[in-house]
Amino acid sequence: MVVAGQGRIGIQVALAAAAAGHVVTGFDTDEEVAGRLAAGRLPADLAHLERALAESTDEARYHATSDEAEIGNFDIAVVAVPTGTGQGATGEDHGPTRQGPTCLGPPDLSCLDAAIASLARHLPAGALVVVESTVPPGTTRGRVAPALEAGSGLVAGHDFAVGFSPERVDPGNGTWSLATTAKLVSGIDATSRERCASFYRSFVEEVVEVDQLEAAELAKVMENGFRYLNIAFVNELSVVARASGVDINQALDAAGTKPFGYMAFRPGAGAGGECLATAAAYLASWAGSAAGARLSLMEAAAHIDAGRGAALASRLEELLSGIGKPLQGSTVLVAGLTYKSDIPSTARSPGIRLANELVSRGAMVLATDPYVTEDPQLDPAVKVVRALDASVSDITVLVTAHSSWDLAALAQSTSPVLDLTGALTGPSVHRL
Ligand SMILES: NC(=O)c1ccc[n+]([C@@H]2O[C@H](COP(=O)([O-])OP(=O)(O)OC[C@H]3O[C@@H](n4cnc5c(N)ncnc54)[C@H](O)[C@@H]3O)[C@@H](O)[C@H]2O)c1
């Protein structure tokens, strides 16, 4: 079998399938990615899989390549290439520009189209092609299957099967893995769905068959869209609550005692990572193309999220005024530039958005993160420093609570600390 795309998702699927006995070719157009895997190396956050990579390679059940000629004659192909919005979804961290997020931009399915074209050129009769990449509902049947037919001369549903099984991996989540998270499977017809289910049952504990393909596609973007909406909801509430003197954290603790019909979301830095904003954009795009409708709630959430940096800058301004300083000219240390703790990705990073917003308001901005020394999204005026040392700034804002940091020491800072994570308590610590 072949897995097209050997990034964070594709390599996990490839190694799980190899461990289950499949003989896997990991195809990635990026020569560096394929070369790194061939040399037995994985990105730092996937280092725990290096043993599985070595074993599968030694037993000739896995090899990586960037040469399309090597993907021929497969029985199953899984597609895990990047999908996103706007221009340039070419791989890692295709996030917002310095000017702000492009979260409800048009879908960019160029990598998916290219991967499908590669597979179509080699598609054997009898094969199953499964899309794992996140897509707008309707894409697998309306775009992928016809492209496979056009490139191969075969007929979908007759000569080959087409399935969809959305990825649900949560980077850095030590509890839920590919093997233990229920996996949705669907297909363009019952045979495609059943073949897809049988493939994933070889390495996933719970496989859930969804009759309607478009419902499975919608389920994936709904899951992330739900999160995107709720993050915007609680962040907007936190601004209103502060303005009216209500303690949002007490309100959330109180609401959290309700055992049904409520799910807690905490105010924070904003929606980070590629998946949430992509899902919101795909839902909006699908509503427009499938029903001529607008998803006004998604648009409102995107608007709130785009303004999150400004809202946080105002909160910092308020705290600084408490010690007699204006934001303009003050030194602010932004702690946390990845979009969540203990992972290296800066995709749509709220910390970066905040740092850039503070620069635009005239603050002297220092930033620190154990995973980031530079990033093209950062305004050049932001100075990246190595240590988390609150004494170098007038105020510190903790955006992500990396476990390698001495948070107890930060909590004892003599200058104010705005904690967006809920990880700190101390005399100088302030919350939203
Ligand atoms: N990373 C996550 O946590 C996560 C979670 C859920 C869903 N997803 C979805 O899974 C998909 C893959 O995400 P990812 O995080 O693994 O992306 P990634 O950027 O880490 O890796 C994708 C890989 O695909 C390669 N690629 C690009 N075009 C290709 C082509 N035409 N043929 C072969 N390889 C090609 C890239 O070089 C890259 O190495 C996306 O649709 C994403 O939205 C990701």
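## Ligand shell

Helix 4 contributes 3 residues to the shell around the ligand, the largest share. The model described here is predicted. In total, 26 residues surround the ligand, and the closest are G7, I9, D28, T83 and T134. Sorted by class, the shell holds 12 nonpolar, 8 polar and 6 charged residues.

A polar atom in the side chain of T83 lies 2.7 Å from an oxygen atom of the ligand. The backbone takes part as well: a polar backbone atom of A115 is 3.4 Å from a ligand nitrogen atom, and a backbone N or O atom of G5 lies 3.4 Å from a nitrogen atom of the ligand. The ligand taken alone exposes 840 Å², of which the protein buries 90%. Helix 1 (8-19) and helix 4 (110-122) are the elements that give two or more residues to the shell.

## Salt bridges

The count of salt bridges comes to 21. One of them joins R61 to E59, with the closest N and O atoms 1.8 Å apart. R61 is buried at 17% relative accessibility, whereas E59 is partly exposed at 47%.

D113 pairs with R143, the closest N and O atoms being 2.7 Å apart. D113 is partly exposed at 32%, and R143 is partly exposed at 38%.

E132 forms a salt bridge with K183 at 3.3 Å between the closest N and O atoms. E132 sits in the loop between strand 7 (128-131) and helix 5, and K183 in strand 9 (residues 183-187), 51 residues apart. E132 is buried at 1% relative accessibility, and K183 is buried at 3%.

Conventions. Residues numbered from 1 in each chain as written. Predicted model: local features only at pLDDT ≥ 70, side-chain atom pairs only at ≥ 80, totals over all residues. Heavy atoms only, no water. Near = heavy atom within 4 Å. Polar contact = N/O pair within 3.5 Å; in protein donor to acceptor, adjacent residues only side chain to side chain. Areas by Shrake-Rupley, 256 points an atom, 1.4 Å probe, with all protein chains shown as cover. Helix = DSSP H or I, 4+ residues; strand = E, 2+ residues; numbered from the N terminus. Nonpolar A, V, L, I, M, F, W, Y, C, P; charged D, E, K, R; others polar. Salt bridge = Lys/Arg side-chain N within 4 Å of Asp/Glu carboxyl O. Buried < 20%, exposed > 50% of the residue type's maximum accessible area, 1.4 Å probe, protein only.
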